[in-house]
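Dear colleague,

Please find the structure below, followed by a short account of what was found in it.

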Amino acid sequence: MEQLHALAQAAGVAREWTDVEGRQQIVADDALAAVLTALGHEAGSAGQIARSLATVGQRRAALPPMLVADCGASIPLPFAPSRAEATGEDGGTRPLALDGDRLTAPDTPGYYDLVLDGRALKLAVAPARCPLPAAAARRPWGVSLQIPALRSAQPSPFGTFGDLAEAAWVLGAAGADALAINPVHALFPGHGVGYSPYSPSSRLFLNGAMGDPALVGLPPLAPSPEAGPLIDWAEALPQRLAELRKVFAALTPAQRARMAATDDAMLRRHALFDALDCHFRPAGAHGWRDWPAAFHDPAGSAASRFAAEHPDEIAFHLFVQWLAREGLEAAQSAARGAGMGVGLIADLAVGVDPAGSDAWSLRHAMLDGLTIGAPPDPLGPLGQNWSITGFSPEGLRASAYEPWIAMIRAAMSAGGGLRIDHAFGLARLWVIPQGGATRDGAYLSYPFDDLIRLVTLEAHRAKAFVIAEDLGTAPYGFTQAVTERQMLGMRVLWFERAADHGFIGPQDYEPLSAAMSGTHDTVTVAGWWRGRDLDWAEKLGRLPEGTSRAEAEAIRDWDRGLLWSTLDHTAPRPAPDNPAPVVDAAIAHIARTPAAIALVALEDLLGLEEQPNLPGTITEHPNWRRRCNAPTADLIADAQVRQRCATLGGPDAR
């Protein structure tokens, strides 16, 4: 099987990997062959493997459609050209220095049209570092929140960009510099089942259900009954789609024409996807894989004919995207108008639903027959299959990274920062063959150097900073590379422990990081102190194997002592049923770190016990369904909450 292993190495599929306990693991040959086959490398026989090896070698030796480099860097080429010219975005053309088979990149960041001896390709040139959060008189701080959880005085089934704009005004007035929001990628229109923001239909476009007509000067949505503490997505999303159709129907022809006008071919294709999804979903279809085969090709005659026969439906979905885009920009304008130095920090999901718009529109650049997840570890002995897909390494190279750049640009378009979920995916992803067990997957490497340069270039163009989510075991070289690029790591209270398992002091947090009280996937401070996470673990049978609830309580009580000894050296330790002083102390702890930005979850700012999402659950826990119990303005008016805001921005912070 040496040739199979050679093919895997050439194709970037790792045969060996190290688990979280530092043990070497080997991918079985049949699993390796399944992953390679899904990537388009035939591996069923010695002859197929030899041909696949030759094809991979030819691709690697060829001049790629895009070269990606740092400013002024020397770039190796597969041949020695005699002349090189680059045309920048300003239209100016300049010769580039050559030294044999090495090319010197321009000193100015940007995208260039490059010609080497008459052969045309693209050139991307990145600056050395990403921007950092602006820090004038003090270190900036912000609040991370789930937009659907927000409420306003007007009853609604879930929060929208209008509620986000209101929250921006309120929290900006309280001194916040940033709002870190959940992903706002496009979901399937009106589909009340697939509502996780981390399983979108498209990362290029927006969740139209978040649009708020009143935010952009249109008549408001009809009032709805007061919703309870949990969002009923199954009812709310179809209802919202119907309401938006009524808004669209009431527009004048001139308004429709203006709001649906676009020369963006990909946006029109996404609107066509949403129209087809609405057309076929009532018959039970979930996405394009369940449509009639004739509609699988977005440029095919069936799809084109449908678009021609349903112009109003296409225009409606273009209007929904316009409404969402204008609403998100209005929320950012509200944040900056309220005095926030950063405004919105967007969140980029790691993948998309294989049946969604991106997978339909960009099939040439996407993984096919593979889903993304995580390998087995002590917390998940069976591993995790997230049932999402993403770009393929070869697809990215062959497309000159065009769809990937468009995705990053879209994510940075309306804010001052971007968090990249599971940023390790810039270097490698655990991919699982369709129908296979999670343990039958393997790590697939990505063009890491190119991708972090492109992120840095787009951050430079957008004047936005980058938070690279780095929780877990980092691939070799990852931490050094993102640190050199000035991307911020995530330093979450619960994971910042010393060798003796105690919690580290605020002075020990890394300056090039975002200090955080928690994430959407972690227990809140109040919930941890009370043991609410233990309640859920016991209820769902998720306590560590061989550990009783009493034993878990004893461990937690010891950990409470460790945490409190770090947070406060003077006051007596609060009782488990008195978490408020612990929340105050935890926020003060985060505020004192030297991190580039401090982020506190809204749940922690309010002292809530329940977390937005419980990883590893779907329906067992009300993931992405919790709502605040009052409008944001009322919540922030609470004296204790205002004191926490003052702590974050006070003179003792950092």
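Which residues are buried in α18? They are V582, V583, A585, A586, I587, A588, H589, I590 and A591, where buried means under 20% relative accessible area with a 1.4 Å probe, protein chains only.

Please note that this is a predicted model, in which local features need pLDDT of at least 70 and side-chain atom pairs count only at pLDDT 80 or more, while totals for chains, interfaces and linings use all residues. Residues are numbered from 1 along each chain as its sequence is written, and side-chain values use heavy atoms, without hydrogens and water.

Helix α18 covers residues 580–591, helices being DSSP runs of H or I with at least four residues and strands runs of E with at least two, numbered from the N terminus. The helix is mostly covered, with 9 of its 12 residues buried. The elements covering these buried residues include β23 (513–516), α17 (549–567) and α21 (639–649), contact meaning heavy atoms within 4.5 Å.

An open sheet is formed by 5 strands in the order β3-β10-β9-β5-β6, with mixed pairing; two strands pair if DSSP finds at least two bridges between them. Because β3 (66–70) and β6 (93–95) each have a single partner strand, they stand at the edges, and one side of each lacks a neighbour in the sheet. Strands β3 and β10 run parallel and are joined by 5 bridges; L67 has L123 in β10 as its bridge partner.

Finally, D347 lies in strand β15 (residues 343–348) and counts as buried because its relative accessibility is 7%.

Yours sincerely

Note on methods: Buried means under 20% relative accessible area, exposed over 50%, partly exposed in between (1.4 Å probe, protein chains only). The expected span of a helix is 1.5 Å times one less than its number of residues.
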